[in-house]
Amino acid sequence: MNKTSPKARGRMTYVRELFVKVKTSVFFKNILVVMAGTGAAQIISLSLYPVISRLFTPSDFGISGSFDAVAGIIAAGVTLEYSQALMLPKEKEKALGLLAISLLCTGAVTVLTLLFCLLAPATMNGLMKSHGTWLLALLVLATLISGFNYASQAWAVRTKAFKVTSASQVIRSLSGKGSGVVFGLFKFGAPGLIISTILGNAAASINLFRVLRPDIPGLKAAAGQGRLKALAREYRDFPMYSASQNIINAVSGGLPVLLLTRFFGLPIAGAYAFAMGVLTFPMGFVLSALRQVLFQKASESQQEGRSLAALYVKVTATLFAMALVPTAIILIWGPQLFAWVFGAQWYTAGELSRSLMIWMAVVFCNLPAVLFGRIIRIQRFVFFYDLGLLAARTAALVLGGLLLTAYQTVMLYAVVGAAMNIFLIFAVGRAVMKREGSARLDNLLNFMIEG
């Protein structure tokens, strides 16, 4: 008769205790709630994407990608990141004041976008490779909807209304991708892709408004002019550094489509935009849920004086392990999978996905670095890091456009992005541990075990 050794029994007990902790953890329950909605949204998107890919051309995706690049740059600073600052104060009145500032900033940025479109329409159309006023009107509308969406979602996360944010993901996917199929059947081309995205965001925003509506009286009371000015000054590092950082990141993310269009034409830019869209689907399944719950959890941990370092290391290491298998699959079978699932015209997108996956795998792991950098208020460091990242990416794209092929240019861009993001992960991790007096490598294992 075999007897279990004390060491083996100890390990079994540890596993059982760990399972009980996970099962009863509010943090993991919240992640599962948001992941349920995100998963449903991803299933809807993935099931409709093979249809959409056959209804639109790479050039359509090129124009849509150019619009998304410009709209994304504007949306990155639409609330001046006061929408993220509202997660930090303990007092609800302060948070409501920051929410009011976020909405006011959204209105101001939308008006500025409208004025720029009226005064320099040729410049905006040149960036988006389009003609006429229809795209400019959509850009203004997209700016307004994005700002309201960011502000209302941040409030929903603060109030832990994760079921509503989860439902919003499904609504966005169903309305956006569903309308995209309809527009594709009627041969709307690039305008159909753009309008479908805006409709999806609008539908999600309407759903999120349910959480915000009960607090509208408090929002009005908190919006006294003197109080808002004081709050804006107190959290001025968010517009100074976080908003600037977001805009820089958006420029970095949008540059490939704009510069690939400039050097290699709309079909290559469209293939790039399509590949990025496909690769971000599975990433979004995890990151959209984790971003909301982790930010709330980490902010709460800081308010209560608990360790952030253990949480940072464990989440980053888990994301790294999760990225290994998908990365290997794309590296080996990327072109064949794209051609089989989405149609032969997307074989080029599959080839580009091999390079992009190197970068995206690291981006998948850097979410804690991005969030914790804001929580411990080292936005100044991250701001200058992002400036360096923008410069490095721009240099890679320009040099590649002048000297290399399209595939080599995307590879160079991906390798530069991966290297820079690895640096960010280690730099923010060291800052988090140093803040707690534990910035030593031999503490990493303890942080992964404890907490």
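Visitor: What makes the pair formed by the backbone oxygen of Leu139 and the side chain of Thr143 a polar contact?

Guide: In this predicted model, the backbone oxygen of Leu139 lies 2.9 Å from a polar atom of the Thr143 side chain. A polar contact is a pair of N or O atoms within 3.5 Å, where one must be able to donate a hydrogen and the other to accept it; residues adjacent in sequence count only if both atoms are side-chain atoms. Local features need pLDDT of at least 70 and side-chain atom pairs 80 or more, while totals for chains, interfaces and linings use all residues. Residues are numbered from 1 along each chain, and side-chain values use heavy atoms, without hydrogens and water.

Visitor: Why is Thr143 called buried?

Guide: Its relative accessible area is 2%, and buried means under 20% (exposed is over 50%, partly exposed in between; 1.4 Å probe, protein chains only). Therefore Thr143 counts as buried.

Visitor: Which residues does Thr143 touch, not counting those up to four places away in sequence?

Guide: They are Ile74, Val78, Thr106, Val109, Thr110 and Thr113. Contact means heavy atoms within 4.5 Å.

Visitor: Why is α5 described as roughly antiparallel to α7?

Guide: Helix α5 (residues 92-119) and α7 pack at about 170°, with axes 9 Å apart. Angles over 145 degrees count as roughly antiparallel, so α5 has that label relative to α7. Thr143 is found in α7, residues 134-158. Helices are DSSP runs (H or I) of at least four residues, numbered from the N terminus.

Conventions. Helices (H or I, at least four residues) and strands (E, at least two) are DSSP runs, numbered from the N terminus. Axes are lines fitted to C-alpha atoms, for helices over the stretch in contact, and angles run from 0 to 180 degrees between N-to-C directions. Angles under 35 degrees count as roughly parallel, over 145 as roughly antiparallel, 65 to 115 as roughly perpendicular and the rest as oblique.
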